[in-house]
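Welcome, and please take a moment to look over the sequence and the 3D structure.

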Amino acid sequence: MEALGLVNYWAFIFLMMVGFYILISQGNLIKKLVGLNLFQTSVFILYISMGKVRGGTAPILTEGDPVYSNPLPHVLILTAIVVGVATLALGLSLVVRIHETYSTVEEDEIHNLDRAEVEGEVGSLDVSRVDARA
Amino acid sequence: MTAHLPVLQVVIPLLAATLCAVARRGRIAWGIALATSWTAFWIAIQLLARVQAEGPISYALGGWAAPVGIEYRIDLVSAFVLVIVTAIGAVVTPYALKSVEREIDTTQIPLFYAAFLLCLTGLLGIAVTGDVFNVFVFLEISSLSAYSLIALGQDRRALTAAFQYLIMGSIGATFIVIGIGMMYVMTGTLNMADLSVLLAELGPNRTIAVAFGFLTVGISLKLALFPLHLWLPNAYTYAPSAVTAFIASTATKVAVYMLLRFFFTVFGVVFSFNVMRLNIVLLVLALLAIFSMSLVAIFQTNVKRMLAYSSGSDRVHDPRDQLGVGNGTHRGDSAPF
């Protein structure tokens, strides 16, 4: 019974691990961002669950002494949601720029392109680099 | 006016950043950034002088007293960090004018200075605040602007470096939020001073140990503590020069400050070093890092990249200094700086 009562926390751990796994295992930058977002979002469940009181209402001042949920974790998560959205937006715009310059969003291919460029630089001596800097 | 200096330290760069963002011309934005960074430096010196004369300053944001409201708390260590960060900002800005005009597209220059000032805001915020969730918010302000600053580098590899930094930095930030959440579950407070008292009363406890682990790993990712440093060399190498100069000398140092703040103020020396045995972990990692990073640095051909690896080995000296503190005195708190 106790395990069922903690179902929110199990969901948090499951989502966190799924997100983290996608983040590590996928080579596609968009999929990485999906994983990252899932990972960040899972934390929201942790915070919202810990503030919730069973049968509690919204914390509005009324007559009597109603049972209410702790609003602070909920407010904190509002901030974390904003941070998450900003991170995702920045990440996606970086992917757009990466796609513009590399014409791919696969990590392996980007890595190969970079390596080819480095080898090209070493091969063609340093003259070209000096020109580019001047 | 002087009573509000702690909050002005953060608010002035924040507002100036929005001014920069709407400025039409790069030179105007640069002027704003220059004035702001020197003002911030002046405020930091004032604060340091006041802390030295009168002891720690506590500022209740919006008039809400400490455990309920957000408290800005400046002691000698944080005042020192403020002076270092603002001094580097003030030195980098005049030099940035030419360097930025050469390296960055003209239309993007005002936005560059806006991001620069936002980064400064975040770093200063981490140093002044006495509230753990506020630390996270300022950390993300500084990190997000740092990602975009690094992506402005001329080389296209700056983009992938910034992306890598974004992924690792966000993992770190999420770990920090989880750690903070667990501390809040156990104590019901977010104020650092309050936390340290309540955590000490609570004694060693599994949830707190897990929170400690999450926070340590999270902050270590942010400060590129060996072996979590993989994002750092690329990010420093391909960023615009002014950005490398600023971020390399401030962002990771502020993260070190944050780590010390959590180890010494929030968790306390006894828990961090006697119960969790962190000194042994850090000692081994520090030694490994010094040797491996220095070796890698020797074989680099790019100067900026060499410096990046060398800074990788330098920074992990810090935990070693910190060990001295763990073994005895409180006075060594500022040694790593």
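Among contacts in chain A between residues at least 6 apart in sequence, what percentage join residues at least 24 apart? The share is 45%, where two residues are in contact if their C-beta atoms, placed from the backbone, lie within 7 Å.

Before going further, a word on the source. This is a predicted model, in which local features need pLDDT of at least 70 and side-chain atom pairs count only at pLDDT 80 or more, while totals for chains, interfaces and linings use all residues. Residues are numbered from 1 along each chain as its sequence is written, and chains are lettered from A and ligands numbered from 1 in the order in which they are written.

**Chain A**

Chain A has six helices and zero strands, giving the pattern α-α-α-α-α-α along the sequence. Helices (H or I, at least four residues) and strands (E, at least two) are DSSP runs, numbered from the N terminus. Of the 134 residues in chain A, 21% are buried. A residue is buried if 20 or more other C-beta atoms lie within 10 Å of its own, exposed if 12 or fewer, and partly exposed in between, with C-beta atoms placed from the backbone.

One residue to look up here is Ser103(A), in the loop between helix 4 (71-102) and helix 5 (107-123) of chain A. Ser103(A) is not a glycine, yet its phi is positive, about 60 degrees. With 10 other C-beta atoms within 10 Å, Ser103(A) is exposed.

**Where the chains meet**

The contact between the chains takes 22 residues from chain B and 26 residues from chain A. On the side of chain B that touches chain A, helix 5 and helix 6 of chain B each supply at least two residues. Helix 6 of chain B gives the most, with 14 residues. By class, that side of chain B has 14 nonpolar, five polar and three charged residues. Here Ala, Val, Leu, Ile, Met, Phe, Trp, Tyr, Cys and Pro count as nonpolar, Asp, Glu, Lys and Arg as charged, and the others, Gly among them, as polar.

**Helix pairs in chain B**

| Helix pair of chain B | Axes | Angle |
|---|---|---|
| Helix 1 (residues 5-22) and helix 4 | within 8 Å | roughly 165 degrees |
| Helix 4 (residues 109-128) and helix 5 | within 8 Å | roughly 150 degrees |
| Helix 5 and helix 10 | 12 Å apart | about 160 degrees |

Angles under 35 degrees count as roughly parallel, over 145 as roughly antiparallel, 65 to 115 as roughly perpendicular and the rest as oblique. Helix 1 and helix 4 of chain B are therefore roughly antiparallel, and helix 5 and helix 10 of chain B are therefore roughly antiparallel too.

The crossing of helix 1 and helix 4 of chain B is left-handed, meaning that the near helix is turned anticlockwise from the far one by less than a right angle (right-handed if clockwise). Residues of helix 1 of chain B in this contact include Pro6(B), Val10(B) and Leu14(B), and those of helix 4 of chain B include Tyr113(B) and Leu117(B). By class, this contact has 17 nonpolar, three polar and no charged residues.

Helix 4 and helix 5 of chain B also cross in a left-handed way. Their contact has 12 nonpolar, six polar and no charged residues.

Helix 5 of chain B passes helix 10 of chain B in a left-handed crossing. Among the residues in contact are Val132(B) and Ala146(B) of helix 5 and Ile247(B) and Met258(B) of helix 10. This contact has 10 nonpolar, one polar and no charged residues.

Helix 8 (residues 206-223) of chain B has 18 residues and reaches 26 Å from its first C-alpha to its last, close to the 26 Å expected at 1.5 Å a residue. The expected span is 1.5 Å times one less than the number of residues. Buried residues of this helix include Ile208(B), Phe212(B) and Leu215(B). The buried residues of helix 8 of chain B pack against helix 5 (132-151), helix 6 (157-187), helix 7 (192-202) and helix 10 (241-267) of chain B. After helix 8 of chain B comes Ala224(B), with a positive phi near 60 degrees.

Finally, find Met192(B) in helix 7 of chain B. Is Met192(B) buried or exposed? Met192(B) is buried, with 20 other C-beta atoms within 10 Å. Leaving aside neighbours within four places in sequence, Met192(B) is in contact with Gly130(B), Asp131(B), Val132(B), Thr265(B) and Val266(B). The C-alpha atoms of Met192(B) and Glu71(B) are separated by 9.0 Å, and these residues are 121 residues apart along the chain.

Definitions and conventions. Axes are lines fitted to C-alpha atoms, for helices over the stretch in contact, and angles run from 0 to 180 degrees between N-to-C directions.
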